[in-house]
Amino acid sequence: MKDELLAIRNHLLSKPVLAALVDTHVFAGRNVPPPGYSLRDSGPCITFKVRGGLTDYEDALLEPSIQFKCYAETELLAQEVYRALFDALQTAHGAYLLHAQLEQAGQQLEEPETQWPFILTFYKVFVRST
Amino acid sequence: MGTPVVANIVKSGAWLYQAPVGETIPAITTVGYGVAWGGNWVRVGYTKEALKCKYEGRETDISVEEHLSPIRRWRIEETATLETVLAELTATYLQLAASEAKAVTTVAAGAGTAGYERTGLGDEVVLAEHAWGFEGLYLSSTGSEFPVRVYIWKGTAVINGELEFSKKSDDYVGIPLQIKALCDPTQTEGERILRFDRVTAAAL
């Protein structure tokens, strides 16, 4: 079975506009940025993880539902990261993904402990399983 | 029949095969589960839905004046079909599903030219006939894997629905396929439309 998180991360990092915003700070399999991460020092970041989904009938395609959280120091910058994520993912295809589709548009939220603003959004992604 | 046997409950997908009419079926006593059927049998790629096999018979009742209910019943017509949806969109599978007889054109990539495959549909009245079959899994009471196979000696195929191209749906393009069996008079009476085999024990 292919590492779907790696495939998604590689796809996101291959997008210049998104990479210019978040650099390599795309954290796979995480709900929040790693301990010690500083939005002020390291800039915006994205965390993402699988929240469900299935395979196709013959397990030839992985079809996970992915939760993305776009973090930044300000709400406006988080929105900018979210828009770049949308441009990178919506109906995307390429070397790593077969297709991606928005499941739930972004909603502005704030982490209760750190007060970090983030945009929460969900995509369904198709990845070839081999 | 008699005592219920839990192991006789089969939970399995199926692999679809096709071959020229008259192709020898794989030896049920030696070709194991998951082993290629050999000869000119070709597995028909990935499917995106379960394979469904349906046998239907049409009957006529014989009634007499002396009784209220029929006293005899005859079968006067029968059909067998296989249905699934092919997951791979290729010229070969489109042609197979449409029972087209002409060959697919395949051109390899060359210097400055892309490779491609080509087929078409239209104005051909003769339907290509093929032998068809599928294999599923029977798991014995000891956990051994044995094949369950159904063969249709001769049948034609039809594209049985729409090919949906959508970038907004959460599904992908498939080729709906229906195979309709024909009677093969060269076979033994009673199995001229299909045969069912299930391996029940390993060779000694």
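Reader: At 1% relative accessibility, does Glu135(B) count as buried or exposed, and what is the cut-off?
Author: The model is a predicted one, and the relative accessibility computed for Glu135(B) is 1%. A residue is classed as buried under 20% and as exposed over 50%. Because its value is 1%, Glu135(B) counts as buried.

Reader: Which side chain meets that of Glu135(B) in a salt bridge?
Author: The salt bridge has an N to O distance of 2.7 Å. Its other member, Arg149(B), has a relative accessible area of 0% and is buried. The side chain that meets Glu135(B) is that of Arg149(B).

Reader: How many residues apart in sequence are the parts that Arg149(B) and Glu135(B) tie together?
Author: Arg149(B) lies in strand 8 (residues 145-159) of chain B. Glu135(B) lies in strand 7 (residues 130-139) of chain B, so the pair ties together parts whose separation in sequence is 14 residues.

Reader: What is the N to O distance in the salt bridge of Asp61(B) and Arg73(B)?
Author: Asp61(B) is partly exposed, with a relative accessible area of 39%, and Arg73(B) is partly exposed at 48%. Their side chains meet in a salt bridge with an N to O distance of 2.6 Å.

Reader: Which strands of chain B hold Asp61(B) and Arg73(B)?
Author: The salt bridge formed by these two side chains ties together parts that are 12 residues apart in sequence. Asp61(B) lies in strand 3 (residues 52-62) of chain B, and Arg73(B) lies in strand 4 (residues 72-86).

Reader: Where do Glu73(A) and Arg40(A) lie, and how many residues apart are they?
Author: The salt bridge between Glu73(A) and Arg40(A) links distant parts of the chain. Glu73(A) is in the loop between strand 3 (61-71) and helix 4 (75-89) of chain A, and Arg40(A) is in helix 3 (residues 39-42). The two are 33 residues apart.

Reader: Which residues form the salt bridge between chain B and chain A?
Author: The structure holds 10 salt bridges over all chains. The count between chain B and chain A is one. With an N to O distance of 3.2 Å, it joins the side chains of Arg43(B) and Glu58(A).

Reader: By class, which residues make up the side of chain B that touches chain A?
Author: The two chains share one salt bridge, and four residue pairs are in polar contact across the interface. The side of chain B that touches chain A has four nonpolar, three polar and seven charged residues.

Reader: What area do chain B and chain A bury between them?
Author: The interface brings 14 residues of chain B into contact with 12 residues of chain A. Carbon and sulfur atoms account for 50% of the buried area. Between them the chains bury about 1000 Å².

Reader: Which residue of chain B does Gln90(A) touch?
Author: Gln90(A) is found in the loop between helix 4 and strand 4 of chain A, and it counts as buried at 14% relative accessibility. A polar atom of its side chain lies 2.7 Å from the backbone nitrogen of Leu102(A). Residues up to four places away in sequence aside, Gln90(A) touches Ala100(A), Gln101(A), Leu102(A), Tyr123(A) and, from chain B, Lys168(B).

Reader: What is the phi of Thr91(A)?
Author: Thr91(A) is also found in the loop between helix 4 and strand 4 of chain A, and it is partly exposed at 23%. Most residues other than glycine have a negative phi. In Thr91(A) the value is positive, near 55°.

Reader: What confidence scores does the model have?
Author: Chain A has a mean pLDDT of 95, and chain B averages 94. In each chain, 100% of the residues reach 70 or more. The model scores ipTM 0.72 and pTM 0.85.

How values were computed: Residues numbered from 1 in each chain as written. Chains lettered and ligands numbered in written order. Predicted model: local features only at pLDDT ≥ 70, side-chain atom pairs only at ≥ 80, totals over all residues. Heavy atoms only, no water. Contact = heavy atoms within 4.5 Å. Buried area = accessible area lost by both parts, 1.4 Å probe. Salt bridge = Lys/Arg side-chain N within 4 Å of Asp/Glu carboxyl O. Polar contact = N/O pair within 3.5 Å; in protein donor to acceptor, adjacent residues only side chain to side chain. Nonpolar A, V, L, I, M, F, W, Y, C, P; charged D, E, K, R; others polar. Helix = DSSP H or I, 4+ residues; strand = E, 2+ residues; numbered from the N terminus. Buried < 20%, exposed > 50% of the residue type's maximum accessible area, 1.4 Å probe, protein only. pLDDT = per-residue confidence, 0-100.
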